[in-house]
Amino acid sequence: MRRARLTLATVVALATGCATLQPSAPFDVTIWREQVAAAHFRTAENTLTQAALSEEQREELHEELTQAVARYENDVLTKLNQLAERRQFNRADQLILEAQAALPRSEGLARFLVDYQTLRAAEERAYLNRLLVLRGEHLIAERKHILPLRAFAGSPAARRHIERHDESVREVAAQLARQGQDALANGRLNNAVRYLSLAQELSPNEEVGQFLAQAAAAQEVERIRRASATQQALQQTYDRLAQEAQQALASGDFAGARNRVAQMKRLAPSFRQSDDLAAAIDTAVALHTAELMEQGDKWYAEGRIERALRVWRQAHELTPTPQLSDRIARAERFLDRYREIKNGNAASDSAN
């Protein structure tokens, strides 16, 4: 919003005395704020421009008006975006008219309208096309009743039904053919095949058949391309998991390696690399378990029972076996008995 300035004509009039300025109407700030609250911003701006105010008062009220405009614009754009997301176009259209009247020069509103109109047109076209498809399907279903009715074409009533049906078929088939060609030109291949197939079924036509063949061929090419891209993406993910499994195995993270292999099997059950990795992990785990068991046996023989128990438990987590269970139970019994004896001796010493 610009600050009001005297025009050149006014300056000339004041300087030459060729005209007399009309005195300003009394300024009522309450009425002015009501104008602002009602989003009558241009009226409020004009009122402020014509009011007999000090420069300080004018600046203060001008700032108040600027802030009110900014709040209103922000609120309106928030509501409009919400309405657009909910596809409540009638309410959005009404709010747009109100906002345009209040903010005719809003750049934010202008930017919103570009996207909004595109969205609205696309949604409207989608609904119309769905209705068109439904009409085509209805006419195809109606055909089985029209065919026997043609035997009574001499009857005025039957002839009217037949003519009305045939006219609808021609109209809908032509619309479907146009929509199919448009969809094909814009790369909407699934829609193109659907519309052109219906048009061809309703009213066989050589030109429509050619467009349908083009659409079907393009659709197959796209299907192959997507399948190839999907396969490529799958292979990349599978290779990444294999690499992570090998790294985990090399660092001794057997749980992590097994987790990656499980993901590989879910992703591509028919790929053999996951089986090979699983076998390598099992071999590494078996070797590591044997080493842990041997180390535990050594420490147990040396009387380092707690260390032996710790490594046996690690081995048992990797590969539970009856032998490890027996060793763990034996070490736990020994430690329990040792603690009982130790606690008993401590109690005796205290008593003495």
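The structure is a predicted model, with a mean pLDDT of 87 over the protein and 91% of its residues at 70 or more. Over residues 1–23, however, the pLDDT is below 50, and this stretch has 15 contacts in the model beyond near neighbours in sequence. Where pLDDT is low, the predicted coordinates should not be read in detail.

**Packing of helices H6 and H7**

- Helix H6, spanning residues 107–149, and helix H7, spanning residues 156–185, have axes that come within 9 Å and cross at roughly 145 degrees, and the crossing of the two is left-handed.
- On the H6 side the contact is made by Asn 129, Leu 132, Val 133, Arg 135, Gly 136, Leu 139, Glu 142, Arg 143, Ile 146 and Leu 149, while the residues contributed by H7 include Ala 158, His 161, Ile 162, His 165, Val 172 and Gln 179.
- Sorted by class, the contact of H6 with H7 has 10 nonpolar, 7 polar and 4 charged residues.

**Arg 143 in helix H6**

- Arg 143, which is found in helix H6, counts as partly exposed because its relative accessibility is 26%.
- Leaving out residues up to four places away in sequence, Arg 143 touches His 165, Glu 201 and Leu 202; of these, His 165 is also among the H7 residues that make the contact with H6.
- A polar atom of the Arg 143 side chain lies 2.9 Å from the backbone oxygen of Glu 201.
- Arg 143 and Arg 58 are separated by 85 residues in sequence and, C-alpha to C-alpha, by 76 Å in space.

- Ser 274 lies in helix H11, which covers residues 273–301, and Ser 274 counts as buried because its relative accessibility is 1%.
- The side chain of Ser 274 reaches the backbone oxygen of Phe 271 at 3.4 Å, and, not counting residues up to four places away in sequence, Ser 274 touches Tyr 238, Val 261, Met 264 and Lys 265.
- Thr 289 is likewise found in helix H11, and with a relative accessibility of 6% Thr 289 counts as buried.
- Apart from its neighbours within four places in sequence, Thr 289 is in contact with Ala 315, Leu 318, Thr 319 and Leu 324; with Thr 319 there is a polar contact between the two side chains, at 3.3 Å.

Note on methods:
Residues are numbered from 1 along each chain as its sequence is written. This is a predicted model: local features need pLDDT of at least 70, side-chain atom pairs count only at pLDDT 80 or more; totals for chains, interfaces and linings use all residues. Side-chain values use heavy atoms; hydrogens and water are left out. Axes are lines fitted to C-alpha atoms, for helices over the stretch in contact, and angles run from 0 to 180 degrees between N-to-C directions. Helices (H or I, at least four residues) and strands (E, at least two) are DSSP runs, numbered from the N terminus. A crossing is left-handed if the near helix is turned anticlockwise from the far one by less than a right angle, and right-handed if clockwise. Contact means heavy atoms within 4.5 Å. Ala, Val, Leu, Ile, Met, Phe, Trp, Tyr, Cys and Pro count as nonpolar, Asp, Glu, Lys and Arg as charged, and the others, Gly among them, as polar. pLDDT is the predictor's confidence in each residue, from 0 to 100. Buried means under 20% relative accessible area, exposed over 50%, partly exposed in between (1.4 Å probe, protein chains only). A polar contact is a pair of N or O atoms within 3.5 Å; within protein, one must be able to donate a hydrogen and the other to accept it, and residues adjacent in sequence count only if both atoms are side-chain atoms.
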